[in-house]
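Thanks for asking me to look this one over.

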Amino acid sequence: MGAIVVYPTIDTFIQSFQNTDRQFVGFDNFAELAETERMITAIKNNAIWVATAPAIITGLGLMFAILTERVRYATAIKVIVFMPMAISFLS
């Protein structure tokens, strides 16, 4: 576990404070990264995704749960919807 997870994590952390010549540059890499337009766009997109996706997924799931309880063939509909998820865990 240490060779596969812990060592690469620590090494990556150490490398994040070095330049390409493996010289220590401190937080210069992070300062340069924070100034790039692509990074600012990525942070904005992640913030939007984190704020909206859980609300939309929870809302749709709640609506689906309510609607399937009120139809005659609720069990059949649930099997059709949830069976692909159950099968995907097996493959």
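1. A word on terms before the first residue: two residues are in contact when heavy atoms of theirs lie within 4.5 Å. With residues up to four places away in sequence left aside, Thr68 touches Ala74, Ile77 and Lys78. Thr68 sits in helix 3; helices here are DSSP runs of H or I with at least four residues, strands are runs of E with at least two, and both are numbered from the N terminus. At 5% relative accessibility, Thr68 counts as buried. Buried means under 20% relative accessible area, exposed means over 50%, and partly exposed is what lies in between, using a 1.4 Å probe and protein chains only.

2. Please keep in mind that this is a predicted model, in which local features need pLDDT of at least 70 and side-chain atom pairs count only at pLDDT 80 or more, while totals for chains, interfaces and linings use all residues. Residues are numbered from 1 along each chain as its sequence is written, and side-chain values use heavy atoms, with hydrogens and water left out.

3. How confident is the predictor? The chain has a mean pLDDT of 89, and 98% of its residues reach 70 or more; pLDDT is the predictor's confidence in each residue, on a scale from 0 to 100. Among the elements of the chain, helix 1 has the highest mean pLDDT (93) and helix 4 the lowest (80).

4. On the overall layout, the chain has four helices and zero strands, giving the pattern α-α-α-α along the sequence. The radius of gyration is 23 Å, whereas a compact globule of 91 residues would have a value near 12 Å. That radius is taken over C-alpha atoms, and the globule rule is 2.2 Å times the number of residues to the power 0.38. Along the principal axes, the C-alpha atoms fill a box of roughly 70 × 35 × 15 Å. Buried residues make up 7% of the 91 residues in the chain.

5. Val6, in helix 1, is 68 residues from Ala74 along the chain, and their C-alpha atoms are separated by 47 Å. Val6 is partly exposed, with a relative accessible area of 43%. Met1 and Asp21 are 20 residues apart along the chain, with 29 Å between their C-alpha atoms.

6. The loop between helix 1 (2-15) and helix 2 (28-35) is worth a look, and Gln18 is placed there. Is Gln18 buried or exposed? At 18% relative accessibility, Gln18 counts as buried. Leaving out residues up to four places away in sequence, Gln18 touches Gln23, Phe24, Val25 and Asn29. The side chains of Gln18 and Arg22 are joined by a polar contact of 3.1 Å. A polar contact is a pair of N or O atoms within 3.5 Å; within protein, one must be able to donate a hydrogen and the other to accept it, and residues adjacent in sequence count only if both atoms are side-chain atoms.

7. Arg22 lies in the loop between helix 1 and helix 2. Although Arg22 is not a glycine, it has a positive phi of about 65 degrees. Asp21 is placed in the loop between helix 1 and helix 2 as well, and at 56% relative accessibility Asp21 counts as exposed.

8. Turning to aromatic rings, a search of the whole structure finds six aromatic pairs. One of them joins Phe64 and Phe82 edge-to-face, at 6.2 Å centre to centre and with 80 degrees between the planes. Phe64 lies in helix 3 (residues 37-69) and Phe82 in helix 4 (residues 74-90), so the pair ties together parts that are 18 residues apart in sequence. Rings of Phe, Tyr and Trp (its six-membered ring) pair if their centres lie within 6.5 Å; planes under 30 degrees apart count as stacked, over 60 as edge-to-face and the rest as tilted. Phe64 is partly exposed at 30% relative accessible area, and Phe82 is partly exposed at 43%. Elsewhere, Phe13, Phe17, Phe24, Phe27 and Phe30 form one aromatic cluster.

9. Finally, how many salt bridges are there? The count comes to one, with a salt bridge being a side-chain nitrogen of Lys or Arg within 4 Å of a carboxyl oxygen of Asp or Glu. The side chains of Lys78 and Glu69 form a salt bridge, at 2.4 Å from N to O. Lys78 is partly exposed, with a relative accessible area of 27%, whereas Glu69 is exposed at 53%.
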